[in-house]
Every structure is written in structure tokens, then in C-alpha cells.
Amino acid sequence: MSIGVVVIGLFILCWGIVWLGNDIGLWNFSFTFWPVIVILTGIVILMNELKKVVRKD
């Protein structure tokens, strides 16, 4: 199992919990920097995959 898969899974899980909580009124969580988190997650995943490719050569 790749660490990238785990990171994406945890990110989606947390995002879903926050979204659900907002929708049902448990809290009013407003985080305007979520696109930055998505971009950073993508960069981390790409870097991990590139490391795997470099190690194989």
C-alpha cells in the first residue's frame, strides 16, 4: 500500500466529515485554503511516485 493512497483516503474522509457537519449544522467550519491542501496533497503523492520510479532505475 502506498502512502499516497493513505493520505488521499484520510483527506477525503476528513473532508467528508467536515462537509457533513456543516450541512447538518453541527458546526460552521469555513476554511478558505482547502484548495491549497488539495494541491499540496497532489504534490506529495507525485513526489512519492517519482521516488519509486527513480529507485527502480
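1. Buried means under 20% relative accessible area, exposed over 50%, and partly exposed in between, using a 1.4 Å probe and protein chains only. By that rule, buried residues account for 12% of the 57 residues in the protein chain.

2. A note on the basis. This is a predicted model, in which local features need pLDDT of at least 70 and side-chain atom pairs count only at pLDDT 80 or more, while totals for chains, interfaces and linings use all residues. Residues are numbered from 1 along each chain as its sequence is written, and side-chain values use heavy atoms, leaving out hydrogens and water.

3. The fold is quickly told. The protein chain holds two helices and zero strands. Helices are DSSP runs (H or I, at least four residues), strands likewise (E, at least two), numbered from the N terminus.

4. Now the overall shape. The radius of gyration of the protein chain is 15 Å, whereas a compact globule of 57 residues would have one near 10 Å. That radius is taken over C-alpha atoms, and the globule rule is 2.2 Å times the number of residues to the power 0.38. Along the principal axes, the C-alpha atoms fill a box of roughly 50 × 20 × 10 Å.

5. How do the helices pack? The axes of α1 and α2 lie 9 Å apart, at an angle of about 165 degrees. Axes are lines fitted to C-alpha atoms, for helices over the stretch in contact, and angles run from 0 to 180 degrees between N-to-C directions. α1 and α2 are therefore roughly antiparallel; the term applies to angles over 145 degrees.

6. Which residues of α1 and α2 meet? From α1 come Ile-3, Gly-4, Val-7, Ile-8, Phe-11 and Trp-15. From α2 come Trp-34, Ile-37, Val-38, Thr-41, Ile-45 and Asn-48. Contact means heavy atoms within 4.5 Å.

7. Asn-22 sits in helix α1. Its relative accessibility is 27%, so Asn-22 counts as partly exposed. Leaving aside residues up to four places away in sequence, Asn-22 touches Trp-27, Asn-28 and Phe-29.

8. Gly-25 belongs to the loop between α1 (3–24) and α2 (34–56). Is Gly-25 buried or exposed? Gly-25 counts as exposed because its relative accessibility is 56%. From Gly-25 to Lys-56 is 49 Å in space, C-alpha to C-alpha, and 31 residues in sequence.

Notes: Parallel < 35°, antiparallel > 145°, perpendicular 65-115°, else oblique.
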